[in-house]
Amino acid sequence: MLQPVLLLGAGRPAHGGYPLARIAAVRPVVLADTSAPDWARPFLSGHLAADPARETETAETAARYAARHPFAGVLTWNRAQLAVAARITGRLGLPGLPYETAAVCADPPALRALLLRNRVVPAGPEDAAEPLVSAEAVVLDDEVRITALTRTTSLGHSVHAHDPLLHNRFVRRTVERTVRALGLRHAVAHVGLRLTERGPRVTGVSPHLPGDLIPWLVERATGVDLVGAALSLACGAVPEVTPTRQRAAAIRFADGASRRAPREYRIAEGADASECERALDAA
């Protein structure tokens, strides 16, 4: 039987269990959380009763379990749990972020200071009205592969395999400098950017799978499986991230959706972004 991966925190229902369902189809998943929510249980092979916010205790619990049932890797899709994930991987000798990198990514003021020291300009309040995009990157040693650009509005996200920003040297340079400033070497990274007249400005960095079904959009538009890439990297393998599709995909959220309730949404796939928008308008 394949060694399981440890997932720190189930999070929200993740729109029908994606990406948890995708991970569970490849490897057993053991959840470390205070409880196992009903929506996640069909995808789990085990549950460790631990609060990821209690870093030392969770690391001890994971180490005791791993002494009997070794983990192949550790995953999280919550910025607040990056540090405990790094503590566990460091203790167990598994692939993962350096602890210092994880701590900085979980602390916006520290991240901003680090970026400034490395000549990467973070976004400021004056940039809040500028277009928001994110680079979905896979980092393999010194190579930073931007697999897709996600465009974000107040209503949702869209990804187009032929987005012209993929060839914008200022966007690419900003993403590469951000990744290298953080010392990321084997990671899936979601780099947020505001597109200003003065150039791209970084809004944040999440060195883990993004939410809001963005990995689904990337896969439907480009064929690149970010979920599989994150799992491979967590287990010390090299993922395949060559694009195999030339499409567009979009998601639109219902207005006024409660932050506590599952967000209602519509999704569409098409030849380009305009076709997706028409499909969403007609739904």
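**Terms and their grounds**

Trainee: Why is Thr-147 called buried?
Mentor: In this predicted model, Thr-147 has a relative accessible area of 9%. Buried means under 20%, so Thr-147 is called buried.

Trainee: Where is Thr-147 found?
Mentor: Thr-147 belongs to strand E6, which covers residues 143-152.

Trainee: What makes the approach of the Thr-147 side chain to Glu-136 a polar contact?
Mentor: The side chain of Thr-147 reaches the backbone oxygen of Glu-136 at 2.8 Å. The cut-off for such a pair of N or O atoms is 3.5 Å, and the distance of 2.8 Å therefore lies within it.

Trainee: Which residues does Thr-147 touch, leaving aside those up to four places away in sequence?
Mentor: Thr-147 touches Glu-136, Val-138, Val-218, Thr-222, Val-224, Leu-226 and Val-241. Val-138, for its part, has contacts that include Thr-147, Val-188, Leu-226 and Val-241.

Trainee: Which residues have the most contacts inside the largest nonpolar core?
Mentor: They are Ile-23, Val-138 and Val-188, in a core of 37 residues. Elements that each supply at least two residues of this core include strand E5 (132-140), helix H8 (214-222) and helix H9 (226-234). H9 gives the most, with seven residues. Another core lies apart from this one and has 30 residues, among them Leu-111, Val-120, Ala-137 and Leu-165.

Trainee: What is the order of the strands in the open sheet, and in which sense do they pair?
Mentor: The four strands run in the order E3-E2-E1-E4, and the pairing is parallel.

Trainee: Why are E3 and E4 called edge strands?
Mentor: Strand E3 (46-49) and strand E4 (73-75) each pair on one side only. From one strand to the next, the twist averages 25°.

Trainee: How do you know that E2 and E3 pair?
Mentor: At least two bridges are required. E2 and E3 have four bridges in the parallel sense, and therefore they count as paired. As one instance, Leu-31 has His-47 in E3 as its bridge partner.

Trainee: Which helices lie across strands of this sheet?
Mentor: Helix H3 (residues 55-68) lies across E1, E2 and E3, at about 140° to E3. Helix H4 (residues 82-92) lies across E1 and E4, at about 155° to E1.

Conventions
Residues numbered from 1 in each chain as written. Predicted model: local features only at pLDDT ≥ 70, side-chain atom pairs only at ≥ 80, totals over all residues. Heavy atoms only, no water. Buried < 20%, exposed > 50% of the residue type's maximum accessible area, 1.4 Å probe, protein only. Polar contact = N/O pair within 3.5 Å; in protein donor to acceptor, adjacent residues only side chain to side chain. Contact = heavy atoms within 4.5 Å. Core = buried A, V, L, I, M, F, W, Y, C linked by side-chain atoms within 4.5 Å. Axes fitted to C-alpha atoms, helices over the stretch in contact; angles between N-to-C directions.
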